[in-house]
2 protein chains.
Amino acid sequence: MTNFHFDDLRNQINEELLQIYNSGPKSLVEPINYVLAGKGKRFRPVLTFLSADACKGNVKDSFPVALAVEILHNFTLVHDDIMDDDSTRHGKLTVHQKWDHGVAILTGDAMLSLALLTLQKCSRNNQKILKVFTDGLLAVCEGQAIDKEFESNKNVSVDEYLNMIDLKTGYLIGMAAELGALSITENESYCEALREYGYLIGRAFQIQDDLLELYSDTKKMGKSLDSDYLLGKKTYPLLKIKEQNSNELESALKIAGDNVNLGKELIRGILESTGIKKEIQKLISDMIKKANNLLIENGLFTSHFKDFSLIIQNREK
Amino acid sequence: MTNFHFDDLRNQINEELLQIYNSGPKSLVEPINYVLAGKGKRFRPVLTFLSADACKGNVKDSFPVALAVEILHNFTLVHDDIMDDDSTRHGKLTVHQKWDHGVAILTGDAMLSLALLTLQKCSRNNQKILKVFTDGLLAVCEGQAIDKEFESNKNVSVDEYLNMIDLKTGYLIGMAAELGALSITENESYCEALREYGYLIGRAFQIQDDLLELYSDTKKMGKSLDSDYLLGKKTYPLLKIKEQNSNELESALKIAGDNVNLGKELIRGILESTGIKKEIQKLISDMIKKANNLLIENGLFTSHFKDFSLIIQNREK
């Protein structure tokens, strides 16, 4: 294991991201660098490094895949923001708001090609890496498609929701971890354990996101004003309440339509009085434990991973 | 050289395209198959086959790249149609018109992942093929970005325009030819000659398109009602007129704003009286000759290529 600080890794990633695309048409160079200069948490590329490190490799060898993963993630954000009509992201205007829809579509498309070009700088397992990456791209598109389909479906089950977030979020985080391993080793059990770790962390991360959205004010989440509510999006806590207290939820959502804050307060009340909040917190905690155990069993649970899991577990935004 | 008919190749491509994506979220499966069932001319994958054949390979070995090229081309059409707000394509409603913007964005994104997955079925030169493909994707994004930038630029030169169409159209057609070679051989001079052939054909194709648009009625072109004019897009014939008869063009375009057909008639009049039309036709013909000669010099000019060049030269839509 190499000693490093997450902040140093993040700084390095941020520097490298700004080297990716500096010559080209102005209407691409500007928005692409605007996006890549965003204040993302860089969870995914950090996870890629951690995986490479746990496989006893040189973290530098995983740089191309780490950057490609982060660019891919940002590509999905740019296009998702258009589809969801979100106006801010990481505290800044979204690309389609600052420029227009055409620029945002093209920015995403070009970022995808840049991610693929960056990926090709990897010096090991390129075929496998490309396959995992492309499967990930398809998964995230399918997840987003299902998420949009949910908007006009009143009968989404908890299982259907979990399948959707696995595709939309879990798959890419699993991929971030797996690609870190693949940039270093052919050891399949390492790759599998790390992918599964990421997958579980991704699921926990999304459920936690759903919960945080109910407890954070809009500024803290850095997203547009409760757009998910206004669009009638499904989230894990709401689906869990619906299973038990369908009527109460119905009336809270009606109120949220007029007064988001009051609606949220009511929903928080239900979550707490029914014990669903505790149940969800336990679920998140169990998933992270399970993820950690997978790494422990495979001799991959470095102290960096321990810290990483803790950061995920305790994050407040 | 293998004996085959272009129509048989097209039919095979059409059949294979409909096998690409049949299980997944309905909101992706339906629009993707709607696009892939479109009545495109399949110029690009046919060109891929011709290249593979000229390199004395089994045409079947180039199937994955031929399909990937066609899927990539269709991905660009879906996204370009959103940006240009075109309402019909190949005589059918565009995806964003039939569904909505979100579905169309996602359809394009997923098609790109399908193109990449298809590409990976190739059994030779995969690394090189991926590099050429990804460079092509970036080029086409840059070409589209420059094309959009032109909309608000009154001083586009002929050279700037040619650079734009090389990126937006020529690059992908050159790539279609090059990938056919790469699916068969490592011979660099073959790959280069075929790429250059495609590149020149692509440039000729686009200039011809610009000219045909002035002489075809809307139905024949299968595109929306003269949207290119209404959006103030630059085309080769208009830029050539502008070099010589700026004032006359100005007034014809003003008239076209109110009455497209009358405006077009006036422009055709200028093209013919100034000899610019003949000049453009000669340019197209010279480019195709140059492209053919490149193949002749490299012993790649099969009778299929002769037919292909003739089809391009003589096409009326």
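Predicted model: local features only at pLDDT ≥ 70, side-chain atom pairs only at ≥ 80, totals over all residues.
**Burial and overall shape**

I began with burial: of the 317 residues of chain A, 49% count as buried.

Next I looked up the secondary structure of chain A and got 15 helices and two strands. I then checked the radius of gyration of chain A, which comes out at 20 Å, close to the 20 Å the globule rule gives for 317 residues, so the chain is as compact as a globular protein of that length. The C-alpha trace of chain A spans about 55 × 50 × 30 Å along its principal axes.

**Core**

Which residues have the most contacts inside the largest nonpolar core? I found A:Ala115 and B:Ala115, in a core of 177 residues.

I went to helix 6 of chain A (101-119). Is helix 6 of chain A mostly covered or mostly open? Mostly covered, I noted, with 18 of its 19 residues buried. I checked its length too: helix 6 of chain A reaches 27 Å from its first C-alpha to its last, close to the 27 Å expected at 1.5 Å a residue.

**Where A meets B**

I listed the contact between the chains: 31 residues come from chain A and 31 residues from chain B. On the chain A side, the elements giving two or more residues are helix 2 (26-36), helix 4 (63-84), helix 6 (101-119) and helix 7 (126-150). Which of them gives the most to that side? Helix 7 of chain A does, with 14 residues. I sorted the chain A side by residue type and had 16 nonpolar, 10 polar and five charged.

**Symmetry**

Last, I superposed the copies. A rotation of 180° with 0.0 Å of shift along its axis puts chain A on chain B, at an RMSD of 0.0 Å. The two copies are thus related as by a two-fold rotation axis. I then compared the interface residues: 100% of those of chain A are also interface residues in chain B, so the copies meet through the same surface.

Methods:
Residues numbered from 1 in each chain as written. Chains lettered and ligands numbered in written order. Contact = placed C-beta atoms within 7 Å. Helix = DSSP H or I, 4+ residues; strand = E, 2+ residues; numbered from the N terminus. Nonpolar A, V, L, I, M, F, W, Y, C, P; charged D, E, K, R; others polar. Least-squares fit on C-alpha atoms with pLDDT ≥ 70 in both. Expected span 1.5 Å × (residues − 1). Buried ≥ 20, exposed ≤ 12 C-beta atoms within 10 Å, placed from the backbone. Core = buried A, V, L, I, M, F, W, Y, C linked by C-beta atoms within 7 Å. Rg over C-alpha atoms; globule rule 2.2 N^0.38 Å.
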